[in-house]
Amino acid sequence: MTHPVALKTADAVADLLADPATAPLGPDAPLHRQHLAYGPTGIALLHIERAAAGLGPWQRAHDWLAAATRQPITSGPDSHPFYGAPALAHVMACAADQLPGAYRRALTTLDQQVGADIRRRLEAAHRRIDTGRLPEYAEFDTIRGLAGYGAYALRRDPNGIDVRAVLDYCVRLTESTNHDGDALPGWWTLSGPTGRRDDRYPGGHANNGMAHGIGGVLALLALAARRGVTVGGHRDAVRTILAWLGRWQERTGQGEAWPYWVRRDELRTGRLDPSPPRRPSWCYGTAGLARARQLAALALGDTGRQVEAENAVVSALTDRAQLKATTDNGLCHGSAGLAHIAARIADDAHPSTVG
């Protein structure tokens with residue numbers, strides 16, 4: 001059931017952004033034209049979802065898609081799932097799901113561009129692994145990397161070769177590697193959490209997040225397995241990631257939690273440094289990781305781990321300290337994201353959790 005105040009707020013935002021010619025997008029709008037989070041593609045997605053739910057006219061979605069495509073769209077190395085052709089492809093696919101006859105030609109062209117980009121990125125990733133180098137975020141993460149591309153391919157063509165190729169890569173990413181005398185997970189990066197080298201993270205770190213870490217890879221592997229799409233070593237890779245997260249699981253006053261990342265010194269000692277309560281967001285933290293763990297447990301048929309993940313979200317969403325750290329309303333790391341995760345977890349929840 002939709003809360004009436006929330007519905008009125010959504011109506012007001014949609015009305016404010018009804019027309020690309022009059023919407024108050026601010027002076028930086030041209031810089032964000034191709035960005036899913038800030039540009040017309042994201043606004044088109046708002047109107048697509050509202051029209052699909054019968055809450056608004058399709059014309060608004062058409063107008064914003066037209067605005068997004070009025071100028072050339074970036075593809076290839078300078079694009080990624082949140083920017084350029086792949087971002088537009090996602091939005092076009094959402095529209096095509098509801099209007100199969102519309103956008104077909106444009107979506108076919110975009111799919112070809114995205115597929116070519118996936119294959120180019122996979123070739124570079126396997127070459128990197130073959131030479132024993134550690135990855136960067138942009139190789140594998142959800143926002144810019146192959147986990148995001150894999151999610152798109154799984155939606156568009158779940159039995160296609162691109163999906164299996166990305167899953168093969170994800171399996172290989174979970175293989176451990178050695179660096180400077182330490183055994184590291186294959187997704188260890190030498191950067192700090194910003195994606196750049198950082199003196200506060202000597203030796204780099206392993207990122208656990210859904211946006212930029214192994215959480216997104218786990219979710220992709222789990223979603224594919226639930227659809228019956230698996231490759232060699234698939235379930236072992238899922239178990240490897242789950243074992244890593246289990247190793248760094250923390251007990252709080254309210255339940256279980258997971259750190260955003262693990263630094264090299266923490267890896268060596270096997271202990272996390274003390275930290276204040278962190279927001280349980282989608283991009284980082286307990287909420288997003290619990291959803292990924294729930295999906296993985298469902299894929300493996302592991303009821304115990306499923307209930308544990310679901311209870312972790314309940315604990316996080318009733319922990320005043322964690323909620324106090326959630327300071328905005330956004331989808332990525334705010335209350336909108338928490339609401340979305342809670343709804344999706346509830347849809348798949350074990351009866352004992354719901355009860």
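Helices H7 and H8 cross with left-handed geometry, a crossing being left-handed when the near helix is turned anticlockwise from the far one by less than a right angle, and right-handed when clockwise. The model is predicted, so that local features need pLDDT of at least 70 and side-chain atom pairs count only at pLDDT 80 or more, while totals for chains, interfaces and linings use all residues. Residues are numbered from 1 along each chain as its sequence is written, and side-chain values use heavy atoms, with hydrogens and water left out.

H7 comprises residues 146-156 and H8 residues 161-173; helices (H or I, at least four residues) and strands (E, at least two) are DSSP runs, numbered from the N terminus. The two helices pack at an angle of about 150°, with their axes 9 Å apart. Here axes are lines fitted to C-alpha atoms, for helices over the stretch in contact, and angles run from 0 to 180 degrees between N-to-C directions. On the H7 side, Leu-146, Gly-150, Ala-153 and Leu-154 make the contact, and they meet Asp-162, Val-163, Val-166 and Tyr-169 of H8; contact means heavy atoms within 4.5 Å. The residues of this contact comprise 6 nonpolar, 1 polar and 1 charged, where Ala, Val, Leu, Ile, Met, Phe, Trp, Tyr, Cys and Pro count as nonpolar, Asp, Glu, Lys and Arg as charged, and the others, Gly among them, as polar.

H4 passes H5 in a left-handed crossing. From H4, Ala-85, Pro-86, Leu-88, Ala-89, Met-92, Ala-93 and Ala-96 meet Ala-106, Leu-107, Leu-110, Gln-113 and Val-114 of H5. The residues of this contact divide into 11 nonpolar, 1 polar and no charged.

The loop between H4 and H5 contains Tyr-103. Its relative accessibility is 18%, and Tyr-103 therefore counts as buried; buried means under 20% relative accessible area, exposed over 50%, and partly exposed in between (1.4 Å probe, protein chains only). Beyond residues up to four places away in sequence, Tyr-103 touches His-62, Leu-65, Met-92, Ala-95 and Ala-96. The C-alpha atoms of Tyr-103 and His-62 are 9.9 Å apart, although the two residues are 41 apart in sequence. Phi of Tyr-103 is near 65°, a positive value in a residue other than glycine. Most residues other than glycine have a negative phi. Asp-180 also has a positive phi, near 50°. Asp-180 lies in the loop between strand S1 (177-179) and strand S2 (182-184), and is exposed, with a relative accessible area of 63%.

Helix H3 (residues 58-68) has Arg-60, Ala-61, Trp-64, Leu-65, Ala-67 and Ala-68 as its buried residues. Seen down the axis of H3, these residues fall within an arc of 155°, so they line one face of the helix; the arc is that of the directions from the helix axis to the C-beta atoms. They pack against helix H1 (4-16), helix H2 (40-52) and H4.

Finally, Ile-345 lies in helix H15 (residues 335-348) and is buried, with a relative accessible area of 6%. Leaving aside residues up to four places away in sequence, Ile-345 touches Arg-291, Gln-294, Glu-310 and Val-313.
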